[in-house]
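Subject: Structure handover

Hello,

Here is the structure I promised to pass on. Please open it beside this email and follow along.

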Amino acid sequence: MKENNSNLKLSNKHIKTISTIGLLLTIIGIADTIYLTIAHYSTVVSLVCPDKGIINCAKVTSSSYSEIFGVPVSLFGLIFFIGMLVLQLPMLWRSTNNLIRNGRLAYSLVGLATVFWFVYVEFHRLNAICLYCTLVHVLTFGLFVSTIIGMSLINNDSVKVSAGK
């Protein structure tokens with residue numbers, strides 16, 4: 001029985017760590033996408049970023065790829081990060097509901113696939129990189145990796161607890 005308690009504590013430690021990392025990444029992502037969205041709609045706020053050469057936020061954020069049906073992709077990014085914020089809450093990491101666990105993984109995969117598309121667009125179609133967009137890409141990749149690691153740690157801990165019964 002003592003082994004079960006120590007494994008549960010280990011699992012709670014993993015949950016706290018992975019949730020904290022996920023929440024931090026999503027909060028930064030929310031701030032970044034809010035800034036990108038405000039800059040998209042504003043004539044007063046402009047992105048603090050070079051606008052010449054390979055690093056050219058203006059070229060990326062004003063391109064035909066910066067909107068889907070007239071909605072800035074940064075707004076979709078904001079929605080992604082808000083959804084991920086909920087999925088990174090410790091309460092949901094503790095959930096044994098497979099819909100939540102698999103949903104978090106699927107959601108992070110959708111984010112990662114979107115990142116791959118936009119990195120392709122920036123490098124091969126626009127020949128320009130937006131630093132704020134790159135931050136979104138890095139954060140999304142980090143969320144995917146932390147989700148994989150978190151699921152692996154929690155599944156491993158669950159196996160240990162089950163074996164100890």
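A disulfide is a pair of cysteine sulfur atoms within 2.5 Å. By that rule there is one disulfide: Cys-49 and Cys-57 form it, with their sulfur atoms 2.0 Å apart. The torsion about their S-S bond is about 70 degrees, so this disulfide is right-handed.

Some ground rules. This is a predicted model, in which local features need pLDDT of at least 70 and side-chain atom pairs count only at pLDDT 80 or more, while totals for chains, interfaces and linings use all residues. Residues are numbered from 1 along each chain as its sequence is written, and side-chain values use heavy atoms, with hydrogens and water left out.

The pLDDT is the predictor's confidence in each residue, from 0 to 100. The protein chain averages 88, and 88% of the residues score at least 70. Over residues 1–7 the pLDDT stays under 50. Where pLDDT is low, the predicted coordinates should not be read in detail.

Back to the cysteines. Both Cys-49 and Cys-57 are buried, where buried means under 20% relative accessible area, exposed over 50%, and partly exposed in between (1.4 Å probe, protein chains only). Cys-130 is buried at 0%, and Cys-133 is buried at 14%.

Next, the largest nonpolar core. A nonpolar core is a set of buried Ala, Val, Leu, Ile, Met, Phe, Trp, Tyr and Cys residues joined through side-chain atoms within 4.5 Å. The largest one has 23 residues, of which Leu-47, Phe-81, Cys-130 and Tyr-132 touch the most other members. Helices H1 (2–41), H2 (57–61), H3, H5 (98–126) and H6 (131–164) each supply at least two residues of this core; helices are DSSP runs (H or I, at least four residues), numbered from the N terminus. A second, separate core has five residues, including Ile-15, Trp-93, Met-151 and Ile-154.

Last, helix H3, which covers residues 73–87. Its buried residues are Ser-74, Gly-77, Leu-78, Phe-80, Phe-81, Met-84 and Leu-87. Ser-74 counts as buried because its relative accessibility is 10%. The Ser-74 side chain also makes a polar contact with the side chain of Thr-37, at 2.9 Å. A polar contact is a pair of N or O atoms within 3.5 Å; within protein, one must be able to donate a hydrogen and the other to accept it, and residues adjacent in sequence count only if both atoms are side-chain atoms. Leu-75, also in H3, is partly exposed at 27%.

Regards

Methods: Contact = heavy atoms within 4.5 Å.
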